[in-house]
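Here is a friendly walk through a protein model, written for someone who would like to connect the sequence with the fold. Please keep the structure open while you read.

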Amino acid sequence: MTMLRDYQEDICRRVREAFVTHRSVMMQMPTGTGKTAVLASLVMEELKDERIKGGCAKVLIVAHRRELIRQIKETIKRMVVTPPPGEAPPPPGGGIVVESIQTISRRIGNPPPGGWGGFTGGWGGFSLVIVDEAHHALAKTYKMMWDAWPEARFLGLTATPYRLSGEGFTDLFDVLVESWTVKRFIAEGWLAAFDYYSIRPESDDQKLIDNLKKRGVDGDFQMKEMHETLDIAPCIKRLFESFERFAYQKKGIVYAIDIAHAEHIAEYYRQQGVNALAISSKTPKRKRKEMIKRFRGAGGLCVLVSVDLFSEGFDCPDVEFIQLARPTLSLAKYLQMVGRGLRPHKGKENCIIIDNVGLYRRFGLPSGERDWRMFFEGNEKSGIRNEELRLSTERWRKWKDDFSEGSDLMKIVGHEGMVSRYANLGKAGFELRKKGNEWVWVDTLTDITFGKHPVVVDFKGVDMVTDDGVTFYPRIRSKWIDGKSGINRKTLETQVGDGFGWRRRYVSLSEPDKVYELQEVMDNGMRVYKDEEDNTFFQQDLDSPLVSEADAGGRKAFMTKCDEKLRDWEGRAKKRMREGFDPLPPGGGCSQSADIIYEHRPVVRYRGFVKLLYDGDMVYIMNIHEERLIAYHNWEIRADDGICTIGNKLYLRSDKDGKALWIRKRSSDFQMFVVNEPMEDDFRKNTLPYGSQIMIINKCGKEIEMTHIKESQP
């Protein structure tokens, strides 16, 4: 038998242990980690075990598609029936049957005389029944096997023990045995690191997807509505532009909605000079086999446009990119699709995932930690519905401040440093421990305790853990991360720039496993930090990366550089303000409105309710009357759906065309402000001679509260 990897041996052992006390076991392993090899090993163990006992073992392997049946048969033949020299063959009298659930259902529906005892017709007396891709197992169809072979043990294999309906699997399986997390597989080199790009929340494609309302019989988006909405020329053109930008001349798979959509995508890609072919279950068998052979051998074929054909059971480790062109409500389908690209391969540094349908915003990263036990037991049993779970962990991160000029896609996370970062995260999990008279959940990485089972979510490539969807803790092992290091959701929602800061702590998005402590902020915006080894770092502003003291040439040199850049920026801003956007020298770009001319190609983005226009490093607010035509730095503007602050000025969405409210006091988490009411003739001053003071409370998920707290004297 082929040598198993350490994690494969481990899960085989735990499955055997589970069978000591349970008849029916479900086993979870991420896509691309060798589930079929584990299957073959368990089959061989079953046959040998029954021979030792003098019995005659028989194993049934059940799959739901012919491609999977063919793959399993090939693996069984290679690893079990004809093992390598020196390996013992299967015992005489034993047998292995690989068949589809459809065929089995027909056979069971017509039992032989006397039932299924013995080996009647080759279909009786199974000692072990293995259900591949067991997340497809529906009680009505599959329960027939449990009844037909009451003496058999049952093993379900899946990467995703998840049903779109929210129902669990306890109607068929007694217990779930889980393998390592995806993070740990990446950290140890068994899965590939990845770059992930996703469409922006305000992109045209995301707006189309958000308007999909109809559901099919399986609970997913209705195929007809998806086709009519997304199988159109502008969407297909944007698909190609994304591919051209991030994965051109790479080998990969595009997942389409249906056959027509796949053919249209492939045809457009071919028109642009890309060797692309559409493939589906309707493709003639011989032609499909030849296409897959060419693809695996890279015989001039770069792109396969597939309709679910390669979401399960397809093994091609040198796939370099995955492009998602079909939306889904199914977490299982999402993970199966992206998982096709995570197999490691010699010379393959990473996989590129291009998410043109915004599945990341619904499901998170492929490496996200998921509570499979909860899904196994059923969301309804756990008191959480799918939609509630998604909203509790996803709604908070609808930030809109990412900026990439000229593109509707943003980079969510890069492969750089992913392996070392996941080396810590992948081996750490959550344990239930007794603390005093109470049981609490403990994050074994940070030792932070939680009252409820915590959930890990991604914030721009940084793992955050929460048990309430309001307070988040970075999963970073650091002396500055403890139970008092929680970050309010409002703080995260309104972050801008290269990283995020809170309570004088700072995490750079380029180093998401390290924490810095803020020492001071200079008048020119320069910020000074220390790391845990007491090294000094400088930052020009919140939009800029950290620079070590040595690389900066010392504090004085960096201070001078910051002063020069600030004077240059202020000079350009004053010039634009003075000239009122008069035409500039040749080389600039022209907007569509009036005769305004910009120095760079203008790009419009939303941050909360605020519409921003980027002209290089200058940012203009387009939908607050008092702020139009004033240039700002990107990091000066913080906003959510109800409030915008610019320095000491505050605007409410409900009164965005009114005068600015001046901030007298504020909390660091964007939740509490004390402001002066504006005076008609004096509203631009930092302090007012008289007028009411108002306390504004801006809590997550609640309406903004405003209370008059003081009347100052004139």
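Let us begin with Q249, which is exposed, at a relative accessible area of 67%; here, buried means under 20% relative accessible area, exposed over 50%, and partly exposed in between, with a 1.4 Å probe and protein chains only. You will find Q249 in the loop between α9 (233–246) and β8 (252–255). Helices (H or I, at least four residues) and strands (E, at least two) are DSSP runs, numbered from the N terminus.

A word on the model itself: it is predicted, so local features need pLDDT of at least 70 and side-chain atom pairs count only at pLDDT 80 or more, while totals for chains, interfaces and linings use all residues. Residues are numbered from 1 along each chain as its sequence is written, and side-chain values use heavy atoms, with hydrogens and water left out.

**Backbone and overall picture**

Most residues other than glycine have a negative phi. Q249 is not a glycine, yet its phi is positive, at about 65°.

| Residue | Phi | Location |
|---|---|---|
| Q249 | about 65° | loop between α9 (233–246) and β8 (252–255) |
| R503 | about 50° | loop between β21 (499–502) and β22 (505–508) |
| F670 | near 65° | hairpin of β35 and β36 |

Stepping back, the protein contains 20 helices and 38 strands. Of its 714 residues, 54% are buried. Contact means heavy atoms within 4.5 Å. Among contacts between residues at least 6 apart in sequence, 63% join residues at least 24 apart.

**The six-stranded sheet**

Which order do the strands of the open six-stranded sheet follow? The order is β3-β2-β4-β5-β1-β6, and the pairing is parallel; two strands pair if DSSP finds at least two bridges between them. At the edges stand β3 (95–100) and β6 (175–178), each with a single partner strand, so one side of each has no neighbour in the sheet. From one strand to the next, the twist averages 20°. Axes here are lines fitted to C-alpha atoms, for helices over the stretch in contact, and angles run from 0 to 180 degrees between N-to-C directions.

Within this sheet, β2 (residues 58–63) and β4 (residues 128–131) are parallel partners over four bridges, and L60 stands opposite V129 in β4. Helix α1 (residues 6–21) packs on the sheet, where it touches β1 (24–28), β4, β5 (153–158) and β6, and its direction makes about 165° with that of β6. Helix α4 (residues 101–108) packs on the sheet as well, touching β2 and β3, with its direction at about 105° to that of β3.

V97 belongs to strand β3 and counts as buried, at 16% relative accessibility. V97 and L60 are 37 residues apart in sequence, but their C-alpha atoms are 4.8 Å apart in space.

**A closer look at α1**

Which residues of α1 are buried? They are Y7, Q8, I11, C12, V15, A18 and F19. These residues cover an arc of only 140° around the axis, which puts them on the same side of α1; the arc is that of the directions from the helix axis to the C-beta atoms. On the other side of α1, V20 and T21 are exposed.

Is Q671 buried or exposed? Q671 is buried, with a relative accessible area of 13%. The side chains of Q671 and D669 are joined by a polar contact of 2.9 Å; such a contact is a pair of N or O atoms within 3.5 Å, where within protein one must be able to donate a hydrogen and the other to accept it, and residues adjacent in sequence count only if both atoms are side-chain atoms. Leaving aside residues up to four places away in sequence, Q671 touches N488, K490, I696, I697, N698, K699 and C700.
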